[in-house]
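Please consult the sequence and the coordinates alongside the text.

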Amino acid sequence: MMPPASFLVLSAVLFTLGVVGVLVRRNALVVFMSIELMLNATNLAFVTFARLRGSIEGQVIVFFVIVIAAVEVVVGLAIIVDIFRSRETVNVDDVDLLRG
Amino acid sequence: MELIVFVIAAAAALAGGIGVIASAQPVRSALSLLLVLGSLAVLYLLLAAEFIAVLQVIVYAGAIVVLFLFVIMLLHARTGEGRTEKLPRQRAVGVVLAAVFLAVLGYTLLTAAAPPVREVARGFGSAESVGGALFLGYVLPFEVASVILLVGIVAAVVLGLAKPVT
């Protein structure tokens, strides 16, 4: 088997790419995709540790992360569509008012 | 053999990750995300996680990316990013902070003492073994997850309802 550190480093780099995406991009959809990228990076770390320790719990956690990510995407995209309907924008800098 | 597969899949994942954050058009970001998810499924197979790999393809690649593509096409008018910056230098600061973050993560990963890799039995990571753990040890979280899914469906319907014009 490959050394686990190589998977973990890949996971760290992917997570950082997601962080950069959230911090740098202003399009709400791209920010959202970057969050998915970070979730996937942590999933890779969980699966690596599950293999490393020979324990199935890591994969069970990934199962739950995937389920919650699906819910999060559905609700988040519904919110983005709703904001677009009322403001005609998906730029996160343009959504800076507390009132609707 | 494993090394070749790992190198190709890791390179594809990194290229996709860069594509997600660097593409000018959201559609290209979504397709790059698909590339990342597909190559991660390959890596899961290398790590003896068959069931998770299948789940990744079905749920992430099959459902989540398609949902992203639908929304991008729904909102295709004016999805570009404006030239005006409300927070000057935010990009530079963000990149620097992310680099520091990566340095800390990398230092921790590369200096930590790695425990020896355990041998796993045949069938580790199959649908049977994950399902067994799920239904024997984690029934309550599983049921709670189903409730969360239901809440998500209801929330999406309520948010998507046409608002009465006021």
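## Basis

The structure is a predicted model.

## Helix 6 of chain B

Helix 6 of chain B comprises 22 residues, 139-160. From first C-alpha to last it reaches 32 Å, close to the 32 Å expected at 1.5 Å a residue.

The buried residues of this helix are B:Ala145, B:Gly152 and B:Ala156. Viewed down the axis of helix 6 of chain B, they fall within an arc of 25° and therefore line one face of the helix. These buried residues pack against helix 3 (57-87) of chain A. On the other side of helix 6 of chain B, the exposed residues are B:Leu140, B:Leu150, B:Val151 and B:Val158.

## A:Glu36

A:Glu36 is located in helix 2 (residues 28-53) of chain A. Although buried, A:Glu36 has no salt bridge; A:Arg25, the nearest side chain of opposite charge, is 16 Å away.

The side chain of A:Glu36 does form a polar contact of 3.3 Å with the side chain of B:Tyr60. Leaving aside residues up to four places away in sequence, A:Glu36 touches A:Ala69, A:Glu72 and A:Val73 in chain A, and B:Leu33, B:Tyr60, B:Ile64 and B:Phe68 in chain B.

## B:Val36

B:Val36 belongs to helix 2 (residues 26-46) of chain B. B:Val36 counts as buried because its relative accessibility is 0%, where the cut-off for buried is under 20%.

Leaving aside residues up to four places away in sequence, B:Val36 touches A:Leu37, B:Ala13, B:Gly16 and B:Gly17. B:Val36 and B:Tyr60 are separated by 24 residues in sequence and by 10 Å in space, C-alpha to C-alpha.

Definitions and conventions
Residues are numbered from 1 along each chain as its sequence is written. Chains are lettered from A and ligands numbered from 1 in the order in which they are written. This is a predicted model: local features need pLDDT of at least 70, side-chain atom pairs count only at pLDDT 80 or more; totals for chains, interfaces and linings use all residues. Side-chain values use heavy atoms; hydrogens and water are left out. Helices (H or I, at least four residues) and strands (E, at least two) are DSSP runs, numbered from the N terminus. The expected span of a helix is 1.5 Å times one less than its number of residues. Buried means under 20% relative accessible area, exposed over 50%, partly exposed in between (1.4 Å probe, protein chains only). The arc is that of the directions from the helix axis to the C-beta atoms. Contact means heavy atoms within 4.5 Å. Lys and Arg count as positive and Asp and Glu as negative; His and the chain ends are not counted. A salt bridge is a side-chain nitrogen of Lys or Arg within 4 Å of a carboxyl oxygen of Asp or Glu. A polar contact is a pair of N or O atoms within 3.5 Å; within protein, one must be able to donate a hydrogen and the other to accept it, and residues adjacent in sequence count only if both atoms are side-chain atoms.
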